[in-house]
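Subject: Structure for you to look through

Dear colleague,

Please find below the structure that I promised to hand over.

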Amino acid sequence: MKYFYAWVLLLVACSSVLAKDAVLLAEDPVVEQRLIAISEELRCLVCQNESLAGSRADLAMDLRRELRNLIKQGKTDAEIREFMVSRYGDFVLYRPPVKPTTWLLWLGPFGLMVAGLVALFVYLRRRNSEVAATTGLTEEQSKRAEALLQEGEK
Amino acid sequence: MNAKTLIPLALFAVLVGFLAVGLGLDPREVPSPLVNKPAPAFRVAQLEQPEAQFSPEDMKGKVWLFNVWASWCVACRQEHPVLMEFARAKVAPLIGLDYKDQRKDALGVLKRTGNPYDITVFDADGKVGIDYGVYGVPESYVIDKAGVIRYKHIGPITAEAMRDTIIPLINELKKS
């Protein structure tokens, strides 16, 4: 039992050493974290459905290297995005900016929703008035209808 | 058949129209923001003479075609005869950018298949390519006398694209 505890102690000691190694592998964890945060919002141009953070394409690796350099130079996130947009266009951004050419993209769905609501409202109003029109009986007529119904029940 | 029953049919026709246009678009063709902007500056070694350098500055006053290629690029082989023809016709200087390549491999390809380039620039780590927004080789740029990119062609240049778009544009730019 004494040896068992010694083994556990040794294993724990080893694992903490290994964990330290893993941290060292990522050169600078702060830079790396920022790189991931930025590049997850950027599209890889080679595999267009992958983010720059997740892609293993050659170009994505080169671009991550460039972005890492920019981060180390102390550039802001906006400057780094501008670096990418000036080369590859708005297409690299997963969140397209709001500007005249993208108004339709941003506002279109809301426009469709409003149009749908207006159409629904108009339809319901019309149906209501149609229902009212068909039951527009005179007092005499409704009395007769009632009488006929009672007759039917007998 | 009144007008009301035609509405769904009309909406369907519009939808089909959108889908038909969408099918014809190539998602790999991303419009470049660099068109009508000055060509990014660089100064790097040439492929054939590593001691000599090249910069777009050297081409001021000339209209030229800048073609990004590599020995590992299969589609480049497809456009190679078109470039050879372009060089033979002496339409404009043709500068190559050997993108992310090994010097030996690139020189081997030029020796085997012929060299259409007046000068080839050697971009070993792809840095120049990144500045030019290269994401799929081959890509080509028409650059005017003032050093402004006037046109970008993505993918291999076909004989038709060369004849109908690139050469007329170069001739137009040469006049101005």
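**A strand covered on both faces**

A residue is called buried if 20 or more other C-beta atoms lie within 10 Å of its own, exposed if 12 or fewer do, and partly exposed in between, with the C-beta atoms placed from the backbone. Helices (H or I, at least four residues) and strands (E, at least two) are DSSP runs, numbered from the N terminus. In a regular strand the side chains alternate between the two faces of the sheet. Six of the six residues of strand β3 (residues 64-69) of chain B are buried, so this strand is largely enclosed by the rest of the structure.

Before going on, please note that this is a predicted model, in which local features need pLDDT of at least 70 and side-chain atom pairs count only at pLDDT 80 or more, while totals for chains, interfaces and linings use all residues. Residues are numbered from 1 along each chain as its sequence is written, and chains are lettered from A and ligands numbered from 1 in the order in which they are written.

**The partners of β3(B)**

Two strands are said to pair if DSSP finds at least two bridges between them. β3(B) pairs in the antiparallel sense with strand β6 (residues 139-143) of chain B, over five bridges, and in this pairing W64(B) stands opposite I143(B). With strand β4 (residues 94-99) of chain B, β3(B) pairs in the parallel sense, again over five bridges, and here V68(B) stands opposite L97(B). Between β3(B) and β4(B) the chain passes through helix α2 (residues 74-88) of chain B, and this β-α-β crossover is right-handed, a term used if, with the strands pointing away from the viewer, the path from the first strand over the helix to the second runs clockwise.

Two residues are in contact if their C-beta atoms, placed from the backbone, lie within 7 Å. If its neighbours within four places in sequence are left aside, I143(B) is in contact with several residues, among them A39(B), P56(B), W64(B) and F66(B).

**From β4(B) to β5(B)**

β4(B), α3(B) and β5(B) make a right-handed β-α-β unit, and the two strands β4(B) and β5(B) pair in the parallel sense over five bridges, with I119(B) in β5(B) as the bridge partner of I95(B). Four of the five residues of strand β5 (residues 119-123) of chain B are buried, so β5(B) is largely enclosed by the rest of the structure.

Which residues of helix α3 (residues 103-113) of chain B are buried? They are A106(B), V109(B) and L110(B). These residues cover an arc of only 95 degrees around the axis, which puts them on the same side of α3(B); the arc is that of the directions from the helix axis to the C-beta atoms. The buried residues of α3(B) pack against β4 of chain B, whereas K104(B), G108(B), K111(B) and R112(B), on the other side of α3(B), are exposed. L107(B), which is also found in this helix, counts as partly exposed, with 18 C-beta neighbours inside 10 Å. After α3(B) comes G114(B), whose phi is positive, near 100 degrees.

Chain A has six helices and zero strands, and of its 154 residues 12% count as buried. One of the buried residues is L52(A), with 25 other C-beta atoms within 10 Å, and L52(A) is found in the loop between α2 (29-39) and α3 of chain A.

Between the chains, 13 residues of chain A are in contact with 11 residues of chain B. The elements that give two or more residues to the side of chain A that touches chain B are α3 (58-72) and α4 (77-88) of chain A. By class, that side has seven nonpolar, three polar and three charged residues, where Ala, Val, Leu, Ile, Met, Phe, Trp, Tyr, Cys and Pro count as nonpolar, Asp, Glu, Lys and Arg as charged, and the others, Gly among them, as polar.

With best wishes
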